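Thanks for coming. I have one model to go through, and I will keep to a few places in it.

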Amino acid sequence: DVYLFSQDASVGGHVTGDIIAFSQILHVSGTIDGNVRAFTNTLSMSGNVTRNVLTFNEIVNLDTSSKIGGSLTAFAHNLYMDGGIGRNVLLFAQDSTIAGTVDGEISAKGENLRINGSAKVGGPIKFEGKNPPDVASDAKLASAPIFKKMQHKPEYAEGSYFVWQVI
């Protein structure tokens, strides 16, 4: 296993275990036989991960050459996925763009979801968001996305909620 605590980290070799990273920038261009757990500002991947990726980031970029054998779980501000995912994708991101291949399902929550024409999704797509998903007409999907409009509920835990109710 590799444990990283740094400002800028790059993994370009072969890791036979997991990567657990706490850094500002993490770039993975090598082969990882285990999982990647990233708590970073920016995650950039162009390598292969045999198992799963769990990431808490501002920016996630999975380029065309990146492959994840298992699932992707991402909590991010912006996500761009152009690589391949062997199983499911779970996203909590403000803006997500899917341009690669997902063999399983996509469950996403956020403001915007874009599915480009180069995307291939083998399972259902469920999106709860502010805006309906933007799906290119030439995207290869197993089924049409299921969209649920995000509901904003009153903030009962906030003291200001009750003050404004009295006023």
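I start with Phe5, which counts as exposed because its relative accessibility is 66%, and the cut-off for exposed is over 50%. Keep in mind throughout that this is a predicted model.

Phe5 lies in strand S1.

Strands of a sheet pair through backbone hydrogen bonds, and the pairing can be parallel or antiparallel. Here we have an open sheet of 8 strands with parallel pairing, and the order is S2-S4-S6-S9-S11-S13-S16-S19. At the edges are strand S2, residues 14-15, and strand S19, residues 140-141, each of which pairs on one side only.

Asn48 has Lys67 of S9 as its bridge partner.

Now to Ser23, which sits in strand S3, residues 19-28. Is Ser23 buried or exposed? It counts as buried because its relative accessibility is 8%, and the cut-off for buried is under 20%. What lies 3.3 Å from a polar atom of the Ser23 side chain? That is the backbone oxygen of Ile25. If we set aside residues up to four places away in sequence, Ser23 touches Ser6, Gln7, Ala9, Phe39, Thr40 and Asn41.

The last stop is Gly104, in the loop between strand S13, residues 101-102, and strand S14, residues 106-110. Strand S13 is one of the strands in the open sheet. Gly104 has a relative accessible area of 12%, so it is buried as well. Which residues is Gly104 in contact with, leaving aside neighbours within four places in sequence? They are Arg87, Asn88, Val121, Gly122 and Gly123. I also looked at Gly70, which is 34 residues from Gly104 along the chain. The C-alpha atoms of Gly104 and Gly70 are separated by 9.6 Å.

That is the end of my part.

How values were computed. Residues are numbered from 1 along each chain as its sequence is written. This is a predicted model: local features need pLDDT of at least 70, side-chain atom pairs count only at pLDDT 80 or more; totals for chains, interfaces and linings use all residues. Side-chain values use heavy atoms; hydrogens and water are left out. Helices (H or I, at least four residues) and strands (E, at least two) are DSSP runs, numbered from the N terminus. Buried means under 20% relative accessible area, exposed over 50%, partly exposed in between (1.4 Å probe, protein chains only). A polar contact is a pair of N or O atoms within 3.5 Å; within protein, one must be able to donate a hydrogen and the other to accept it, and residues adjacent in sequence count only if both atoms are side-chain atoms. Contact means heavy atoms within 4.5 Å. Two strands pair if DSSP finds at least two bridges between them.
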